[in-house]
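Okay, thanks for coming, everyone.

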Amino acid sequence: MDSVTKKLFWREEYMTGIAEIDDQHKILVHALNEASEKLTGDFHLSTMEKIVNDLLSYAIYHFETEEELMEEYGYEMESDEAYRTHLKQHRSFSSRVVEIHEGLKIGTPVPAVQLLDFLNQWLVNHILNTDKKLGAHILAKQQQANQQQAE
Ligand SMILES: [Fe+2]
């Protein structure tokens, strides 16, 4: 009862400056917000399973979007370490969520508070420390390209 997860709200500081990424992040924040509402108080385990499942699909789609942008803007070539760290974080998130999903299927769910804390904290940390770096890289490349065009 007392262990209620803080809801996640969109904040200006989450902006990476790349509309495609920011729009998807807003959808994720909204989804986590809704999840915390649905997983407060009494809920059916199938509700949690659906949330985890939907979230995993959307996260995978979102990671693909970002990874395509990395490719398009030469992230690996120019920031090899940041690129690898970024990919590693995407992979470990997906495998943790798959694990949680498997647990649900065999009847050993994680407590809702723990699940929501993990999701909220992961997303915020990842946006602030990892996605924003990618955003800055893309913006710099776009600026470079614009300058070259103007010359
Ligand atoms: Fe990312």
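The axes are lines fitted to C-alpha atoms, for helices over the stretch in contact, and the angles run from 0 to 180 degrees between N-to-C directions.

Two bits of housekeeping. This is a predicted model, where local features need pLDDT of at least 70 and side-chain atom pairs count only at pLDDT 80 or more, while totals for chains, interfaces and linings use all residues. Numbering goes from 1 along each chain as its sequence is written.

So, the overview. The protein chain has five helices and zero strands, where helices are DSSP runs of H or I with at least four residues, strands are E runs of at least two, and both are numbered from the N terminus. The C-alpha atoms fill a box of roughly 65 × 30 × 20 Å along the principal axes. There are 151 residues in the chain, and 22% of them count as buried. By buried I mean 20 or more other C-beta atoms within 10 Å of the residue's own; exposed is 12 or fewer, partly exposed is in between, and C-beta atoms are placed from the backbone.

How much of the contact in this chain comes from residues 24 or more positions apart? Counting contacts with a separation of 6 or more, it's 81%. A contact here is two C-beta atoms, placed from the backbone, within 7 Å.

Now the packing. H1 and H5 sit at an angle of about 170 degrees, axes 11 Å apart, and are therefore roughly antiparallel to each other. On the H1 side the contact includes Ile21, His25, Leu28 and Leu32, and on the H5 side it includes Leu116, Leu119, Leu123 and Ile127. By class, that contact has eight nonpolar, four polar and one charged residues. For the classes, Ala, Val, Leu, Ile, Met, Phe, Trp, Tyr, Cys and Pro are nonpolar, Asp, Glu, Lys and Arg are charged, and the others, Gly among them, are polar.

H1 also packs on H2, at an angle of about 170 degrees with axes 11 Å apart. That makes H1 roughly antiparallel to H2. Among the residues making this contact are Ile21, Leu28 and Ala35 of H1, with Ile51, Leu55 and Tyr58 of H2.

The expected span of a helix is 1.5 Å times one less than its number of residues. With 28 residues H2 should span 40 Å, and its end C-alpha atoms are 41 Å apart, which agrees. Its buried residues are Met48, Ile51, Val52, Ala59, Glu66 and Met70. What covers them includes H1 (19-38), H3 (75-78), H4 (80-105) and H5 (112-150). After H2 comes Gly74, with a positive phi near 60 degrees.

H4 passes the length check too: 26 residues should span 38 Å, and the end C-alpha atoms are 38 Å apart, which agrees. Tyr83, His86, Val97, Ile100 and Leu104 are buried in H4, and their cover includes H2, H3 and H5. Just after H4, Gly107 has a positive phi of about 85 degrees.

Next, the cores. A nonpolar core is a set of buried Ala, Val, Leu, Ile, Met, Phe, Trp, Tyr and Cys residues joined through C-beta atoms within 7 Å. The largest one has 17 residues, and those with the most contacts inside it include Leu32, Met48, Val52, Ile100 and Leu115. H1, H2, H4 and H5 each give two or more residues to this core, and H5 gives the most, with six. Apart from that core lies another, of eight residues, among them Ile21, Met70, Tyr73 and Tyr75.

Which residues does Ile100 touch, leaving out those up to four places away in sequence? They are Val52, Val110 and Leu115.

Gln143 is in H5 and counts as exposed, with 10 C-beta neighbours inside 10 Å. Its C-alpha is 38 Å from that of Leu116, 27 residues away along the chain. Glu151 is in the segment after H5, and is exposed, with 5 other C-beta atoms within 10 Å. From Glu151 to Leu39 is 112 residues in sequence and 56 Å in space, C-alpha to C-alpha.

Methods. Angles under 35 degrees count as roughly parallel, over 145 as roughly antiparallel, 65 to 115 as roughly perpendicular and the rest as oblique.
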